Amino acid sequence: MKCRVCGSALHATTTDLPFKVSNRTIVILKQLPVEQCDGRSEYLIADAGFARVEELLPTVNASVGLEIINSRFDRVPFQCVV
Ligand SMILES: [Zn+2]
């Protein structure tokens with residue numbers, strides 16, 4: 001796959017990316033799979049990365065201002081024990 005901006009080769013790596021999930025909540029997904037551009041510092045989220053974003057973002061507690069999730073590991077859902 002080639003970079004859409006400069007045409008350089010892309011290679012698979014991981015990076016940490018912030019996602020704004022509500023007006024006051026930001027989630028940082030660490031070690032997300034991305035395709036990184038050789039030419040500059042552009043990247044695009046790899047298919048595997050998108051899958052993790054779609055899995056993890058809906059689990060975020062929107063009342064929390066900042067949450068950091070390592071996307072390599074399965075997240076234990078918050079459970080309310082009554
Ligand atoms: Zn590029």
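## Basis of the description

Because the model is predicted, local features need pLDDT of at least 70 and side-chain atom pairs count only at pLDDT 80 or more, while totals for chains, interfaces and linings use all residues. Residues are numbered from 1 along each chain as its sequence is written.

## Overall fold

The protein has 1 helix and 4 strands, where helices (H or I, at least four residues) and strands (E, at least two) are DSSP runs numbered from the N terminus. Read from the N terminus on, these elements follow the order β-β-β-α-β.

Strand β1 (residues 10-20) and β2 pair in the antiparallel sense over 10 bridges, and two strands are said to pair if DSSP finds at least two bridges between them. The two strands β1 and β2 form a hairpin, with 5 residues between them, and T14 has P33 in β2 as its bridge partner.

## The nonpolar core

Of the 82 residues of the protein, 11% count as buried; a residue is buried if 20 or more other C-beta atoms lie within 10 Å of its own, exposed if 12 or fewer, and partly exposed in between, with C-beta atoms placed from the backbone. The largest nonpolar core has 5 residues, namely V27, L29, L32, V34 and L56, and its largest share, 4 residues, comes from strand β2 (residues 26-37). Such a core is a set of buried Ala, Val, Leu, Ile, Met, Phe, Trp, Tyr and Cys residues joined through C-beta atoms within 7 Å.

## V27 and V60

If residues up to four places away in sequence are not counted, V27 touches F19, V21, L57, V60, E67 and I69, a contact being two residues whose C-beta atoms, placed from the backbone, lie within 7 Å. V60 belongs to the loop between α1 (47-56) and β4 (66-70), and its C-alpha atom is separated by 7.8 Å from that of V27, although the two are 33 residues apart along the chain.

Leaving aside neighbours within four places in sequence, V60 is in contact with V21, T25, V27 and E67. V60 is partly exposed, because 19 other C-beta atoms lie within 10 Å.

The buried residues of α1 are G49, R52 and L56. They lie on the same side of α1, because they cover an arc of only 60° around the axis, the arc being that of the directions from the helix axis to the C-beta atoms. What covers these buried residues includes β2, β3 (43-45) and β4, whereas D47, E54 and E55 are exposed on the other side of α1.
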